[in-house]
Amino acid sequence: MGYLYRMKDRIIERACQAIFGKPLISNNYRGLLVEAIVAEALGSEWKWVSEDWSAWDFERSDGMRLEVKQSAALQSWHRSGLKRPNPRFDCAARTGRWAGSIWIPEPQRFADIYVFAYHSEMNAELADHRVSDQWAFFVVPETSLPVQKSIGLTKVKELALQASHTNLRAVVESFIT
């Protein structure tokens, strides 16, 4: 039995190394990495509840909900010579949500606060999605978001309070009454 557990641990370590062992994280996993950075910044008062099809990513004991959206200027598939992208973030209302295996049709946005994270470093030798200092966070209450499917970084900056990972918790808490 001990051998099977050691093998399981080696498999997990290999998978983590393949996913997070390089500076530029694939789009498929970068959201998870950013949520981990946000979890560290928010502290234990916020529970990380993100799952496969969760309607929000973090929740406080008072029921306050927070959603994280992210984008990066430099992608794992980036080729030199490409110009800086115009980042967009999903902000669409959903048609419903899952509660375990039960679908609940509730057309709305489910989070009270949105954190839009952007990694702007374009120098391939310096860019590292795993470094929290390289991310900028933009905190927007849901009520300030326009009714549309996606939002560009320029508009996010107009609506948001900007934060680093070191003051993200304070900025988020400033929106809670």
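Guide: Let's start with a side-chain pair: Arg97 and Glu106 are joined by a polar contact of 2.7 Å (a pair of N or O atoms within 3.5 Å; within protein, one must be able to donate a hydrogen and the other to accept it, and residues adjacent in sequence count only if both atoms are side-chain atoms). Bear in mind that this is a predicted model, where local features need pLDDT of at least 70 and side-chain atom pairs count only at pLDDT 80 or more, while totals for chains, interfaces and linings use all residues. Residues are numbered from 1 along each chain as its sequence is written, and side-chain values use heavy atoms, with hydrogens and water left out.

Arg97 belongs to strand β5, residues 97–99 (strands are DSSP E runs of at least two residues, helices H or I runs of at least four, numbered from the N terminus). Arg97 counts as buried because its relative accessibility is 19% (buried means under 20% relative accessible area, exposed over 50%, partly exposed in between, with a 1.4 Å probe and protein chains only). What does Arg97 contact, leaving aside neighbours within four places in sequence? Ala55, Trp56, Ile102, Trp103, Ile104, Glu106 and Phe110, with contact meaning heavy atoms within 4.5 Å.

Now for the sheet: 6 strands make an open, mixed one in the order β1-β2-β3-β7-β8-β10, and two strands pair if DSSP finds at least two bridges between them. β1 (46–48) and β10 (161–163) are at the edges with a single partner strand each, so one side of each has no neighbour in the sheet. Inside that order, β7 (residues 113–119) and β8 (residues 135–141) run antiparallel, joined by 7 bridges. His119 sits opposite Trp135 in β8.
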